Structure formats: C-alpha cells, structure tokens
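Please work through the exercises below with the sequence and the model side by side. Each task is followed by a solution that goes step by step.

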Amino acid sequence: MPLNIDRSPHRRGLIIIIAVYLVANALILALVNPDVKLTQAADGGSWQTPALALLAHGGFVDLDDPSRPDTYRPPMYPLFQAGVMMVAGVDAIVVAQIL
C-alpha cells in the first residue's frame with residue numbers, strides 16, 4: 001500500500017529557496033563594480049592566469065613565458081575557466097561562477 005504524502009509544502013519550500021538564490025545572485029551581479037577584475041581578488045589571478053595561458057598558448061604554461069610550465073594550480077578549474085572564456089568571453093566567468 002503506497003503512502004500518499006502531500007509534497008506541496010516541500011515543493012513550495014524548494015521554490016522559495018531557488019527564488020532567494022536567484023534574487024541574491026542577481027543583486028550581486030547588478031551591484032558588483034564592473035571595473036573590478038578577477039585578478040584583483042585575493043587569489044583570483046593565480047586561477048585566471050593559467051586559464052588565459054591555456055587560451056593563448058594551448059597548454060598549462062606561464063602566460064608571459066610559454067617555455068616554462070605552470071604547475072602551481074590544479075588543472076580542472078583553470079580548464080573550466082578557459083572553456084567559459086572561449087565560449088562567452090573573459091568577463092563571462094563572473095556569471096559562470098555565480099551560477
């Protein structure tokens with residue numbers, strides 16, 4: 001005999017959580033200073049530079065000296081950043097991080 005559980009309160013709570021999340025992120029995106037770049041964040045440059053080098057040189061190398069490998073950061077997040085930057089531009093990474 002299956003239990004008949006009314007899920008509408010759970011669904012309503014989930015919708016409220018999603019709505020709050022979307023509103024909060026929209027406010028962050030709207031209020032952030034567009035002149036502030038990721039490289040000005042605490043360690044943003046050390047994550048963005050490998051992604052830019054990957055786009056510019058096709059590998060995990062130093063952005064200014066492609067003959068020198070860059071192994072400071074693990075590769076997955078810079079790879080994600082490079083993919084977003086390649087598809088939607090350098091500034092789109094901020095939106096991707098919010099989502």
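Residues are numbered from 1 along each chain as its sequence is written, and side-chain values use heavy atoms, with hydrogens and water left out.

**Exercise 1.** Find which element has the lowest mean pLDDT and which the highest.

Solution. Begin with the term itself: pLDDT is the predictor's confidence in each residue, from 0 to 100. The protein averages 82, and 85% of the residues score at least 70. Where pLDDT is low, the predicted coordinates should not be read in detail.

**Exercise 2.** Determine which residues make up the largest nonpolar core.

Solution. A nonpolar core is a set of buried Ala, Val, Leu, Ile, Met, Phe, Trp, Tyr and Cys residues joined through side-chain atoms within 4.5 Å; buried means under 20% relative accessible area, exposed over 50%, and partly exposed in between (1.4 Å probe, protein chains only). The largest one has seven residues: Ala51, Leu54, Ala82, Val84, Met85, Ala92 and Ile93. Two or more residues each come from helix 2 (44-57), helix 3 (76-88) and helix 4 (92-98), and helix 3 gives the largest share, three residues.

**Exercise 3.** Identify the partner of arginine 68 in a salt bridge, and say whether each of the two is buried or partly exposed.

Solution. A salt bridge requires a side-chain nitrogen of Lys or Arg within 4 Å of a carboxyl oxygen of Asp or Glu, and the count comes to one. Arginine 68 pairs with aspartate 62, their closest N and O atoms being 2.7 Å apart. Arginine 68 is partly exposed at 48% relative accessible area, whereas aspartate 62 is buried at 18%.

**Exercise 4.** Locate glycine 83 and give its C-alpha separation from leucine 55.

Solution. Glycine 83 is placed in helix 3 and counts as partly exposed, with 27% relative accessibility. Leucine 55 is 28 residues away along the chain, yet the two C-alpha atoms are separated by 8.6 Å.

**Exercise 5.** Name the helix that gives the most to the nonpolar patch.

Solution. Helix 1 (residues 8-31) contributes five residues, the most. Tyrosine 21 lies in helix 1 and is partly exposed at 39% relative accessibility.

Technical notes:
Predicted model: local features only at pLDDT ≥ 70, side-chain atom pairs only at ≥ 80, totals over all residues. Helix = DSSP H or I, 4+ residues; strand = E, 2+ residues; numbered from the N terminus.
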